[in-house]
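Please read this briefing alongside the sequence and the structure shown below. Its points are grouped by topic for a reader who is new to the structure.

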2 protein chains.
Amino acid sequence: MNYPNGIKKSSNNIISSKIDYKNRGMNLEDDLNNTNNYYIEKEKAYIYKKPTPIKLVKVDYKKGKITEAYFSMPSTTDYNGIYKGKYIDYEAKETNNIKGFPLINIHEHQITHIRNIYKENGICFLIVRFTKLNVTYLLMAKDFLWYIDNNKKSYIPKEYFMEKGYQIKDKFIPRVDYLEIIDSLEDVK
Amino acid sequence: MNYPNGIKKSSNNIISSKIDYKNRGMNLEDDLNNTNNYYIEKEKAYIYKKPTPIKLVKVDYKKGKITEAYFSMPSTTDYNGIYKGKYIDYEAKETNNIKGFPLINIHEHQITHIRNIYKENGICFLIVRFTKLNVTYLLMAKDFLWYIDNNKKSYIPKEYFMEKGYQIKDKFIPRVDYLEIIDSLEDVK
């Protein structure tokens, strides 16, 4: 595969007659889009997924048609926006691993970005879904950075998420109500 | 042209052997990238241009190669990030028009977005460069929204920018120091 980690087929990007309806609303990206749209409707927060960065090679500008392009590496996290006037920023990942979250999923530029946002007092975190365990955690940037700065492991064990993270319970509306957790944290108020 | 307003050839998106070095650092997007990189280096602010949204039609995922895709309409502004812990968000446009800034350059979704960010107390504005006059203005969301809510014109006259906006003086480093203006405004402190 010549495209970076985390780039995959997504019903948001692809115009296709073969949308997989089985998985509709079942993957983390769809759940977050659903949730962010709910926040926008309720005028609670304005948080968007950034478009996937793409390097254009051949473009017919008259037709507006791109005929050769490649996925490129994102330099920041996928989601950002505003909540109560504050800057909010996060990365969301799914893993099939049941022991922990493989750090290969977050590349060096993104870690630098998370570090910068944390230092600048943004609300910054990871949302990690362990798909086989059907459980989703929010891990604040502070605890994420502490782990990678103090451990040599290639993954963050699930136990660390259980100890330092916050489980995001499945709901019907909105699906992954992560701002409920942010609201409960004293130090981000 | 089948692509939305504001999508154009850009040295940032295109890998090409025909980069136009004459214009390097001369267009607003390049100047803003230069400026935002400077802010990042100085650890002053973390503000990025969002990737251009692209609708993928045909992708060879094994090769990571996109063979058919189209530009799509952005639903938000082009730039956002964090400054002093606060959310900052803006749209940047160039115009050849000398009488004013044609509102066709900002589409309805973007106006809604600007309205939302303003209500949510984000730092939100437009940066408009009148290329033929070689002058660049920053216009706060409040004043932009006031104009479009109280006028029926298809453009914002240059005089309105002169009266309500702030001229961003050309500098060598950073090229368009718009945060200097934000710093000078009492009501965004």
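In this predicted model, the bridge partner of A:Y70 in β3(B) is B:K65, where strands are DSSP runs of E of at least two residues and helices are DSSP runs of H or I of at least four, both numbered from the N terminus. The two strands concerned, β3 of chain A (residues 65-71) and β3(B), pair in the antiparallel sense over 4 bridges, pairing being assigned if DSSP finds at least two bridges between two strands. Residues are numbered from 1 along each chain as its sequence is written, while chains are lettered from A and ligands numbered from 1 in the order in which they are written. Because the model is predicted, local features need pLDDT of at least 70 and side-chain atom pairs count only at pLDDT 80 or more, whereas totals for chains, interfaces and linings use all residues.

**Where the chains meet**

- In total, 39 residues of chain B are in contact with 39 residues of chain A, a contact being two residues whose C-beta atoms, placed from the backbone, lie within 7 Å.
- The largest share of the side of chain B that touches chain A comes from β3(B), with 7 residues.
- By class, that side of chain B has 19 nonpolar, 11 polar and 9 charged residues, where Ala, Val, Leu, Ile, Met, Phe, Trp, Tyr, Cys and Pro count as nonpolar, Asp, Glu, Lys and Arg as charged, and the others, Gly among them, as polar.

**Strands and core**

- Strand β7 of chain A (residues 123-130) is mostly covered, with 7 of its 8 residues buried; a residue is buried if 20 or more other C-beta atoms, placed from the backbone, lie within 10 Å of its own, exposed if 12 or fewer do, and partly exposed in between.
- β7(A) runs parallel to β5 of chain A (residues 86-95), to which 8 bridges join it, and antiparallel to β8 of chain A (residues 135-140), to which 6 bridges join it.
- A:F125 has A:M140 in β8(A) as its bridge partner, and A:F125 is also among the residues that touch the most other members of the largest nonpolar core, which has 70 residues.
- A nonpolar core is here a set of buried Ala, Val, Leu, Ile, Met, Phe, Trp, Tyr and Cys residues joined through C-beta atoms within 7 Å.

**Helix α2 of chain B**

- Helix α2(B), residues 108-119, reaches 17 Å from its first C-alpha to its last, close to the 16 Å expected at 1.5 Å a residue, the expected span being 1.5 Å times one less than the number of residues.
- Its buried residues are B:Q110, B:H113, B:I114, B:N116 and B:I117.
- Seen down the axis of α2(B), these buried residues fall within an arc of 160 degrees, so they line one face of the helix; the arc is that of the directions from the helix axis to the C-beta atoms.
- They pack against β1 (45-49) and β4 (79-83) of chain A, together with β5 (86-95), β7 (123-130) and α3 (141-150) of chain B.

**Backbone details**

- Most residues other than glycine have a negative phi, and most peptide bonds are trans.
- The peptide bond from A:I173 to A:P174 is cis, with omega near -15 degrees, and A:P174 is found in the loop between β10 (166-167) and α5 (178-184) of chain A.
- B:K84, which is not a glycine, has a positive phi of about 50 degrees, and B:K84 counts as partly exposed, with 16 C-beta neighbours inside 10 Å.
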